[in-house]
Amino acid sequence: MIIPLAHRANQAQEYYFSIKLAEVRTLQAAGHDVINIGIGNPDMMPSDATLKALTQSAYQPGAHGYQSYKGIPALRQAIAGFYQRTYGVTLDPETELLPLIGSKEGITHLSLTFLNEGDEVLVPELGYPAYRAVSQMVGAKVLEYSLQEDNNWQPDWAQMAELVTERTRIIWLNYPHMPTGAPASKALFERAVRFAHDHRVLLCHDNPYSLILNKKAPISLLSVDGAKDVAVELNSMSKSHNMAGWRIGWLAAAKPYIDSVLTIKSNVDSGMFLALQTAAAAALANTDEWHAERNAVYEGRLEAAYAFLDALQCTYARDQEGMFLWAKLPEHIQSADALVDDLLYNKHVFIAPGFIFGPKGNRYIRVSLCMPKEHIWEAVSRLTANG
Ligand SMILES: Cc1ncc(COP(=O)(O)O)c(C=O)c1O
């Protein structure tokens with residue numbers, strides 16, 4: 001006997017990486033040395049201060065009980081300090097911040113908070129898959145807005161205006177953009193905030209890459225005048241602080257938005273382990289030099305990653321931000337799907353196909369910089385070896 005599933009469970013597809021990484025593990029279990037440059041899983045360590053704070057806190061009596069639903073004050077104060085120093089944005093740690101178990105869960109909480117069945121959500125035609133998947137799970141209708149490749153993957157605001165109806169509730173935005181590596185700019189954020197005001201829609205900005213290989217000072221969308229009325233921002237320690245497995249992110253927004261999301265979230269989980277929060281607060285005090293040293297390591301991997309893409313005869317921009325390179329396939333390669341499987345099973349190199357970020361990505365691939373450069377060079381030599 002099989003108990004029937006909800007419609008959403010039948011419609012939703014398992015996350016691409018959840019399936020593909022199982023294949024990678026099977027190959028590894030069979031003794032193959034698979035070089036994984038598909039996923040953005042930082043290989044470097046959190047700072048020493050972070051790890052010391054984690055262990056010290058874990059030994060405190062009382063550290064192992066339930067914690068507050070809205071995070072400990074020390075973490076919210078550390079996030080507010082980080083926003084002030086990094087982006088020049090002032091946030092009230094008491095009312096304008098909500099720590100999250102990774103920013104990914106924030107996408108679900110925002111969708112549950114703002115979307116009714118049949119409401120419309122605008123997502124970038126290339127973007128993090130969860131915006132689309134979660135909108136669909138809550139019964140919203142997803143419309144894609146185009147990104148103009150010849151204008152460094154910026155939204156086309158005229159087209160966006162045509163897509164908006166009285167049922168549009170959320171626009172998802174993400175700059176520095178994943179997967180294309182297009183940077184953020186103040187002009188873009190000002191345009192987006194104006195648009196959200198004009199059309200009375202909530203702008204959900206997702207900002208996990210602002211500190212990775214950024215060419216200019218990092219920007220928060222909340223630095224734009226009037227942003228807090230119509231915009232919220234998700235941020236994450238996964239990439240910027242090498243803490244992806246810790247699952248720590250946050251929502252920054254005006255009090256009414258935070259309060260509403262907390263109402264939903266407090267029915268879903270019961271706070272975060274104290275030691276994680278204490279250590280995250282310590283990590284947020286990492287110096288500019290600490291971040292610069294990690295960026296120098298990513299920078300040092302670019303040459304190998306470029307050589308990898310050159311060996312595949314891909315074309316790509318050299319000024320991408322974030323921890324990936326987005327590249328277009330040459331005409332003679334039939335499909336990203338076939339290429340990814342060919343590389344995985346014949347060369348034991350895993351890369352991400354562009355279509356997982358939207359159909360527009362069909363003829364693109366994404367490679368990650370989260371591997372020591374020697375491994376990326378090894379992947380290059382596997383490509384260039386005969387056979
Ligand atoms: C654009 C984007 N948003 C959100 C996330 C989720 O990050 P977190 O680890 O904080 O859940 C990722 C992770 O890859 C991402 O690329």
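A polar contact is a pair of N or O atoms within 3.5 Å; within protein, one atom must be able to donate a hydrogen and the other to accept it, and residues adjacent in sequence count only if both atoms are side-chain atoms. The structure described here is a predicted model, in which local features need pLDDT of at least 70 and side-chain atom pairs count only at pLDDT 80 or more, while totals for chains, interfaces and linings use all residues. Residues are numbered from 1 along each chain as its sequence is written, and side-chain values use heavy atoms, with hydrogens and water left out.

A polar side-chain atom of Lys239 lies 2.9 Å from an oxygen atom of the ligand, and a polar side-chain atom of Ser238 is found 2.6 Å from an oxygen atom of the ligand. On the side chain of Asp206, an N or O atom is 2.5 Å from a nitrogen atom of the ligand. Taken alone, the ligand exposes 400 Å², of which the protein buries 92%; these accessible areas come from the Shrake-Rupley method with a 1.4 Å probe. The ligand is surrounded by 14 residues, the closest being Asp206, Tyr209, Ser236, Ser238 and Arg247, where a residue is near a molecule if one of its heavy atoms lies within 4 Å of it. By class, this shell holds five nonpolar, five polar and four charged residues, with Asp, Glu, Lys and Arg counted as charged, Ala, Val, Leu, Ile, Met, Phe, Trp, Tyr, Cys and Pro as nonpolar, and the others, Gly among them, as polar.

Helices (H or I, at least four residues) and strands (E, at least two) are DSSP runs, numbered from the N terminus, and two strands pair if DSSP finds at least two bridges between them. Seven strands form an open sheet in the order S2-S10-S9-S8-S7-S3-S4, with mixed pairing. Strand S2 (97-100) and strand S4 (141-145) are its edge strands, each pairing on one side only. Within this sheet, strand S8 (residues 202-206) and strand S9 (residues 231-236) run parallel and are joined by four bridges, and His205 has Glu233 as its bridge partner in S9. Helix H4 (residues 73-87) packs on the sheet and touches S2, S9 and strand S10 (249-252), its direction making about 110 degrees with that of S2. Helix H8 (residues 186-199) lies across strand S7 (168-173) and S8, at about 150 degrees to S8. Contact here means heavy atoms within 4.5 Å, and axes are lines fitted to C-alpha atoms, for helices over the stretch in contact, with angles running from 0 to 180 degrees between N-to-C directions.

The loop between S7 and H8 contains Pro176 and also Pro179. The peptide bond from Tyr175 to Pro176 is cis, with omega near 0 degrees, and the bond from Met178 to Pro179 is likewise cis, with omega near 15 degrees.

A further open sheet consists of four strands in the order S11-S12-S15-S14, with antiparallel pairing. Strand S11 (315-316) and strand S14 (352-353) stand at the edges with a single partner strand each, so one side of each is left without a neighbour in the sheet. Strand S12 (residues 324-328) pairs with strand S15 (residues 364-368) in the antiparallel sense over five bridges, and the partner of Phe324 in S15 is Ser368. Helix H12 (residues 288-311) lies across S11, S12 and S15, running at about 20 degrees to S12.
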